[in-house]
Amino acid sequence: MEATATLTLSSSPAGVRSSPARTTVASLHPRRVPTPASHLRGAQGPTALRALSSPFLGFSRTTRRRSGMVVRAEMFGQLTTGLESAWNKLRGVDRLTKENIAEPMRDIRRALLEADVSVAVARSFIESVTEKAVGTDVIRGVEPEQQLVKVVNDELVRLMGGEVSDLVFAKTGPTVILLAGLQGVGKTTVCAKLAFYLKKMGKSCMLIAADVYRPAAIDQLTILGKKVGVPVYSEGTEAKPSEIAKNGLKEAKSKKTDVVIVDTAGRLQVDKAMMNELREVKKAVKPTEVLLVVDAMTGQEAAALVGAFNGEVGITGAILTKLDGDSRGGAALSIKEVSGKPIKFVGRGERVEDLEPFYPDRMAQRILGMGDVLSFVEQAQQVMRQEEAEELQKKIMSAKFNFNDFLKQTKAIAQMGSFSRIIGMIPGMNKVTPAQIREAEKNVKFMESMINVMTADERERPELLAESRERRRRVAKDSGKTEQQVSQLVSQLFQMRARMQKMMAGMQGKDTPDMENLMESIKSEEQFAAGTGQPRRKYGNLRRRDLDRMRGYRR
Ligand SMILES: Nc1nc2c(ncn2[C@@H]2O[C@H](COP(=O)(O)OP(=O)(O)OP(=O)(O)O)[C@@H](O)[C@H]2O)c(=O)[nH]1
């Protein structure tokens with residue numbers, strides 16, 4: 001979609017126009033940005049546009065780091081540096097093209113591989129960033145490298161699962177969380193951390209010690225349980241883990257405990273016995289959540305492990321520990337993509353408090369260290385959308401909404417993946433139902449094929465097609481559609497025009513021309529076999545009147 005937005009960045013107050021959208025843009029003007037001190041205080045609005053000046057934010061990288069402006073997750077340090085080198089290569093370009101992003105993409109790929117992301121994940125990430133970056137609209141005032149930052153951010157968020165994945169709780173009875181994982185990954189510690197987290201949520205908890213192979217594990221869990229004030233159920237090392245789990249759950253039920261967390265044995269590697277035992281425990285307690293605890297230091301191996309456990313036992317998600325350590329981030333980036341299972345929590349230290357839900361968007365921002373640039377690009381995109389909507393509104397009011405606009409909008413729909421975002425911007429149009437939206441999206445490609453074979457004139461002036469059956473026949477032939485389908489498309493455009501105008505005029509208290517009969521008119525004409533010569537005379541008056549109105553000759 002070619003953006004028509006005019007992101008006004010005039011330096012004088014006179015450049016501030018009256019619409020709210022433009023005021024926003026003007027208020028973002030970089031030269032009106034206050035002193036660096038205000039930035040350090042985290043000022044909003046004008047500060048965001050500081051990002052427009054080059055280098056980013058108008059501060060040297062060293063200053064930003066020293067001042068703490070960039071909150072950098074050290075584990076991603078190398079990745080962040082690699083990405084920065086990619087942005088730097090785009091300085092001075094006008095727009096993102098396949099050619100000029102090739103080298104930055106190589107930098108990003110290298111940075112991902114160095115962060116221990118698998119080759120396959122890195123490849124698909126690069127492909128999707130390239131595709132989205134090249135197809136991005138140019139937003140006036142936003143530098144191409146800033147747009148790439150935004151695309152990379154969005155793709156990182158998507159790669160890590162998009163939304164935060166909350167714990168699922170059982171509708172009745174205790175929620176059972178079964179924890180699994182290799183030896184030493186932090187499973188026992190996670191039991192206590194989770195109990196602490198859930199207690200803060202107001203849930204009562206019980207821990208079940210089902211790791212019978214390492215006697216110290218039971219003691220460790222008992223100590224941790226005491227520390228967080230949660231009872232620990234154990235039967236020593238002689239009983240079967242599935243029996244212990246079953247009995248523990250029975251006790252939890254009798255005590256009306258909200259959540260039961262089962263600690264299972266870890267092994268040095270994935271083996272048959274381990275998987276069988278887990279399956280048995282799972283069968284015995286029917287957990288709501290089966291979470292695999294993995295160590296972030298193991299990078300892409302952790303991701304593969306999540307996939308393997310899911311295949312063997314069936315899990316609901318992962319908990320990534322030791323994110324505070326020296327890992328390079330590959331696990332956080334790859335788990336969802338490789339295994340299809342989300343990371344639900346991350347451990348950031350040895351204390352019971354050091355567990356938090358995994359937020360893909362916050363993680364992406366930490367990797368990029370450019371929250372300010374992102375919020376600026378988002379604001380600018382918003383302004384662009386508002387201005388496009390205003391432009392569209394003007395066209396609708398002047399009855400000039402044509403096939404070019406139609407195509408532009410349908411393309412925008414395909415690009416944004418949602419009709420509602422466009423429709424929602426047109427005042428009064430938010431009553432469109434989701435079913436209508438889905439239908440509209442389905443028709444996009446179909447309509448596009450017909451519009452693509454129209455002449456420039458026909459697209460500009462849909463009346464030409466409404467008036468001439470020959471033209472409609474030609475479009476049908478060239479697009480491989482039927483004449484009726486072309487007629488329907490033409491009618492649809494006029495109907496859309498009519499409805500929009502009616503609605504707008506209604507909002508402005510004006511009367512509107514009645515153009516609802518147009519479709520009927522064209523439809524009726526279709527009913528007559530070609531060559532009968534009847535339709536023109538019979539429907540001539542109606543069409544003339546309607547077309548005049550469409551052209552704005554009549555009121
Ligand atoms: N730095 C850091 N250390 C952690 C974290 N989670 C656990 N640890 C440490 O990792 C070590 C192993 O943790 P455990 O909880 O005993 O691991 P486990 O998976 O239960 O081990 P097994 O019972 O042998 O299977 C302990 O020293 C923990 O303190 C974390 O998020 N960050």
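Contact means heavy atoms within 4.5 Å. Axes are lines fitted to C-alpha atoms, for helices over the stretch in contact, and angles run from 0 to 180 degrees between N-to-C directions. Helices (H or I, at least four residues) and strands (E, at least two) are DSSP runs, numbered from the N terminus.

The model is predicted: local features need pLDDT of at least 70, side-chain atom pairs count only at pLDDT 80 or more, and totals for chains, interfaces and linings use all residues. Residues are numbered from 1 along each chain as its sequence is written, and side-chain values use heavy atoms, without hydrogens and water.

**View 1. Helices on the sheet.** Helix α13 (residues 300-312) lies across β1, β5 and β6 (317-321). α13 runs at about 155° to β5. Helix α14 (residues 330-339) also packs on the sheet, touching β5, β6 and β7 (343-347). The direction of α14 makes about 175° with that of β6.

**View 2. The open sheet of eight strands.** The strand order is β3-β2-β4-β1-β5-β6-β7-β8, with mixed pairing. Two strands pair if DSSP finds at least two bridges between them. β3 (232-233) and β8 (355-357) stand at the edges; each has a single partner strand, so one side of each lacks a neighbour in the sheet.

**View 3. Strand β1 and its two neighbours.** β1 (residues 175-180) runs parallel to β4 (residues 259-264), joined by five bridges. Four bridges join β1 to β5 (residues 289-295), again in parallel. Leu 179 stands opposite Asp 263 in β4 and opposite Leu 291 in β5. Ala 180 has Leu 292 of β5 as its bridge partner.

**View 4. Side chains of β1.** Six of the six residues in β1 are buried (under 20% relative accessible area; exposed is over 50%, partly exposed in between; 1.4 Å probe, protein chains only). Thr 175, Ile 177 and Leu 179 point one way. Val 176, Leu 178 and Ala 180 point the other way.

**View 5. Nonpolar cores.** A nonpolar core is a set of buried Ala, Val, Leu, Ile, Met, Phe, Trp, Tyr and Cys residues joined through side-chain atoms within 4.5 Å. The largest has 99 residues; Ile 108, Leu 179, Leu 194, Ile 261 and Leu 320 have the most contacts inside it. Helix α8 (residues 144-159) gives the most to this core, with seven residues. Apart from it lies another core of 18 residues, including Leu 407 and Phe 494.

**View 6. Cysteines.** The structure holds zero disulfides (pairs of cysteine sulfur atoms within 2.5 Å). Cys 191 is buried, at 0% relative accessibility. Cys 205 is buried too, with a relative accessible area of 6%. Cys 191 is among the residues that Leu 179 touches.

Conventions:
Lists of a residue's contacts leave out its neighbours within four places in sequence.
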